[in-house]
Amino acid sequence: MQMGVESPLIFLTLFSVGSIVVVTLVSWRKTRNKWALLPPGPRGLPFIGNLLQIPRTNTPRAFAAMSCQYGPIYYLRAINRHFILINDLDMARTLFEKRGATYSHRPRFPMVQEVIKRDTMLFMNYGPAYRNSRRLVSTFLNARIAEKYWPAQELESVRFVLAVRKAPHDLLELTRWTATALIIRLVYGVEVSDKDDALVHLAADFGRLTGEATTPGRWLVDAFPILRHVPAWLPGAGFKRWAMRAKARMDAFACVPYEMAKDKIAKGEITPCWTAEKLLETTEQLTEQREKEIQHTATSMYSGGSDTTYAMVETFILLMLHYPAVQKKAQAEIDRVTGGAWVPSMRDRDQFPYLACVIKELFRFSPVVPLVPHSLHQDDIFEGYLIPKDAWVMVNMWGLMHDEKRYPDPDTFVPERFETDSAAGRVPQDDPLEIVFGFGRRSCPGYLLGLSSVYLNVVHLLFAFEIVPAKDEAGTDIIPPIAFKDGHVAHPKPFQCNVRERSAARMTLLEHALHSLQ
Ligand code: HEM
């Protein structure tokens, strides 16, 4: 009788254990099979994966070299983070454009998104809040109204070259000032008087802190997001205290110019600008939420636009030290058109075809965002490979722009590669401007503004000055290496240079231009 009660129990226990073993085995096999579908890549170590193989310096170039070994798509893992590197234009387009619904998220940056709680558009995942932000940005940046900003852009650019005249040794700092001043003028209607203005420092700190907070490998919390719950007072939680200080400074940048704009409106001194437009477009009391949206969008435009623009202008200056013949040829074109008798403006842009090639080559030679990171929130299969959920899918923009098949001799600065020469049967190489601003739903909304600012700074510098090397104590030219800092935005490493005024008459013309633009 007893046997009769125990037998079904034993049977049930064995059956349950057996089922668990079978289910575990099947799911282990499935998982194993799933990971077997990852793209090729270097073999990693247990636990840390490829952490030690991920290049820390000259990263885009090193990633491009790895793709010669592993192919146009390859995989790396750093502890628990998965990286998919894309070094092929068609693949990049397929993922970010055709499969944009899947690949338009940003990778998780726990330090920025969850500890500092910076919710600028740049770090947002794709969803309703992002789309709302993008809609707001498009009220500032769109092709229909791009021309509206030309006078302010010309004014800031002329102010820039005149400031360079006064302080040629501050040329690089002034490139930062002019980019900051332009965005602050357009967004908040506030004039940033000079490079030592408090807003310039606040903006510079905002950029620096964003860079530090997103430096790969710097924060343990990025690898182990659970650490975000550690209280700030705990020994070893220095990152939390750093984050609190960074947040306070970054919030100040979001608030100070915004409050200045509001204050001006309250006093009736309205300068046309995006913030004023937003604040005045309704007679109803603004909700706290709406004010936050306006502030965040304004800082998104600042953080997307300022660093990138001045990085391009700095790079242009550096390249002119290495390619004086390019500088001479572009100046000859400007002189042929203007006769040195009027200051070039936005409306004259089409009259400088060689300069247009110089600018294309500038964006190709050093794409300002060398690695473009997107992410996805569900596993995907692409060309038979598994792209795991939450992976960093990084398009190596630098690699695409230095692809020898598309751009022969890619490490040499050759604007002529974009010219058509019917006699020699030469067709222009692919236009980098169709690529370097990104693809699909996250592509750069500020490309028209960025391009025109770079054009104006470049044409005005060339109109006014010769960009020449600085000299050492023995009077020998210092030619700095073409080297870039590591970071999300490609800034040249600090370098020395000098400028020589081309003529006093040109300076007078610039002074006149400034008066008529003010
Ligand atoms: C000067 C040259 C510029 C270059 C080369 C450039 C390039 C880029 C690139 C490659 C991206 C990432 C695209 C992606 O994730 O797929 C981006 C994003 C962005 N850019 Fe630009 N940019 C420039 C100027 C500007 C300007 C002037 C503004 C605004 C005033 C701006 C605002 C933004 C914003 C808000 C984003 C984030 C978009 C998002 O996350 O959805 N950019 N830019």
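Biologist: Leaving aside neighbours within four places in sequence, which residues is V393 in contact with?

Modeller: First, this is a predicted model, where local features need pLDDT of at least 70 and side-chain atom pairs count only at pLDDT 80 or more, while totals for chains, interfaces and linings use all residues. Residues are numbered from 1 along each chain as its sequence is written. Two residues are in contact if their C-beta atoms, placed from the backbone, lie within 7 Å. On that basis, the partners of V393 are I84, I86, L95, Y103, H374, S375, L376 and I387.

Biologist: How many residues does the largest nonpolar core have, and which of them have the most contacts inside it?

Modeller: A residue is buried if 20 or more other C-beta atoms lie within 10 Å of its own, exposed if 12 or fewer, and partly exposed in between, with C-beta atoms placed from the backbone. A nonpolar core joins buried Ala, Val, Leu, Ile, Met, Phe, Trp, Tyr and Cys residues through C-beta atoms within 7 Å. In soluble globular proteins, nonpolar side chains tend to be buried together. Here the largest core has 128 residues, and those with the most contacts inside it are V187 and V393.

Biologist: Which element gives the largest share of this core?

Modeller: Elements are DSSP runs numbered from the N terminus: helices are H or I with at least four residues, strands are E with at least two. The protein has 18 helices and ten strands. The largest share of the core is 13 residues, and they come from α13.

Biologist: What about the ligand: which element gives the most residues to the shell around it?

Modeller: Of the 26 residues around the ligand, G304, G305, G438, G446 and G450 come nearest. The elements giving two or more residues to the shell are α13 (288–322) and α17 (447–464). With seven residues, the one that gives the most is α13.

Biologist: Is C444 buried or exposed?

Modeller: C444 is in the loop between α16 and α17, and an unreviewed UniProt entry places a "binding site" there. Not counting residues up to four places away in sequence, C444 touches F437 and G438. Because C444 has 20 C-beta neighbours inside 10 Å, it counts as buried.

Biologist: D409 has a positive phi of about 55° although it is not a glycine. Is D409 buried or exposed?

Modeller: D409 sits in the loop between α16 and α17. Since it has 9 C-beta neighbours inside 10 Å, D409 counts as exposed.

Terms used: Near = placed C-beta within 6 Å. UniProt positions renumbered as here; feature names shortened; annotations may be inferred.
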